[in-house]
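Morning, everyone. Please look at the sequence and the fold on the screen before I start.

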Amino acid sequence: MESVKSVIGRILKELYAMQEYSIGKAILSRLRNSIGRDYADMADILPVVFEKLPESFLGNSKKMTDEEICILSCLQLYAIHQQGEDFCVNTAEDGYSNIGTSLKSLRAGDDTTAPDRRFNAMITSTDFDELIVHLRHLIRLLKSKQKGARIDYGRLAEDLYWIRKNKNKENIILNWAREYYKFNSKGESNEQ
């Protein structure tokens, strides 16, 4: 059985390979435009998502499965992050721990108040939809402030899946915070 991480990894490889062609640009655009819309209003993007999912991830009720929601959410986040970039913003490199690893680069500089406030709002979200909204804002901020920043979207999708299932949620969020706030490689705190 495939994991959410492996499925999103496969989909992102395909999307990145198509991004220089009009079909790839159109898919990424439709993913960005689907943000915040009700699932019933996403007829243009759902076939693209559902045709790439294993049958075990697909639901049979009026509600999307946790796998469908997490993969769609990560594809939307990736589409925001990838827009206008020549390099692939997805990474699976060694030493990458979680979304906190990428977002901690926002703490570079003298004043970390604004990114810290946004990060803290995300990790204290009361529900999944709120967490995704904060994550979307942080990824937009990361894209604008840190050129070349990359995120392991497979790992993020897996974390979101377990958060959505309400299993290890506190541990996942705590690990994000550890990575975000931890000392940098020179042994200095990111805080001034």
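One caution before the details. This is a predicted model.

Let's begin with helix 4. Helix 4 covers residues 66–82, which makes 17 residues. How far does helix 4 reach from its first C-alpha to its last? The answer is 24 Å, close to the 24 Å expected at 1.5 Å a residue. Now its surroundings. Helix 4 is mostly covered, with 17 of its 17 residues buried. What comes after helix 4? G84 follows, and the phi of G84 is positive, near 75°.

Next, the aromatic rings. How many aromatic pairs turn up in a search of the whole structure? The search finds 5. One of them brings us back to helix 4. Y78 pairs with Y153, edge-to-face. Where do the two partners lie? Y78 is in helix 4, and Y153 is in helix 8, residues 153–164. The pair therefore ties together parts that are 75 residues apart in sequence. Are Y78 and Y153 buried or exposed? Both Y78 and Y153 are buried.

Now a second pair, Y180 and Y181. Why is this pair called edge-to-face? Because the ring planes stand at 85°, and over 60 degrees counts as edge-to-face. The ring centres of Y180 and Y181 are 4.7 Å apart. Look at how these two tyrosines are covered. Y180 has a relative accessible area of 0%, so Y180 is buried. Y181 comes out at 28%, so Y181 counts as partly exposed. Ring pairs also bring in F119: F119, Y180 and Y181 are linked into a cluster.

On to the arginines. R164 sits over the face of F128. The distance to the ring centre is 5.0 Å.

The other arginine is R30. R30 lies in helix 2, residues 22–33. Its relative accessible area is 27%, so R30 is partly exposed. Which residues does R30 contact, leaving aside neighbours within four places in sequence? They are D44, I45 and V48. And how does R30 stand relative to I71? R30 and I71 are 41 residues apart in sequence. In space, C-alpha to C-alpha, R30 and I71 are 15 Å apart.

To recap, helix 4 has 17 of its 17 residues buried. Y78 ties helix 4 to Y153 in helix 8. F119, Y180 and Y181 form a ring cluster.

Key: Residues are numbered from 1 along each chain as its sequence is written. This is a predicted model: local features need pLDDT of at least 70, side-chain atom pairs count only at pLDDT 80 or more; totals for chains, interfaces and linings use all residues. Side-chain values use heavy atoms; hydrogens and water are left out. Helices (H or I, at least four residues) and strands (E, at least two) are DSSP runs, numbered from the N terminus. The expected span of a helix is 1.5 Å times one less than its number of residues. Buried means under 20% relative accessible area, exposed over 50%, partly exposed in between (1.4 Å probe, protein chains only). Contact means heavy atoms within 4.5 Å. Rings of Phe, Tyr and Trp (its six-membered ring) pair if their centres lie within 6.5 Å; planes under 30 degrees apart count as stacked, over 60 as edge-to-face and the rest as tilted. A charge sits over a ring if NZ of Lys or CZ of Arg is within 6 Å of the ring centre and within 35 degrees of the ring normal.
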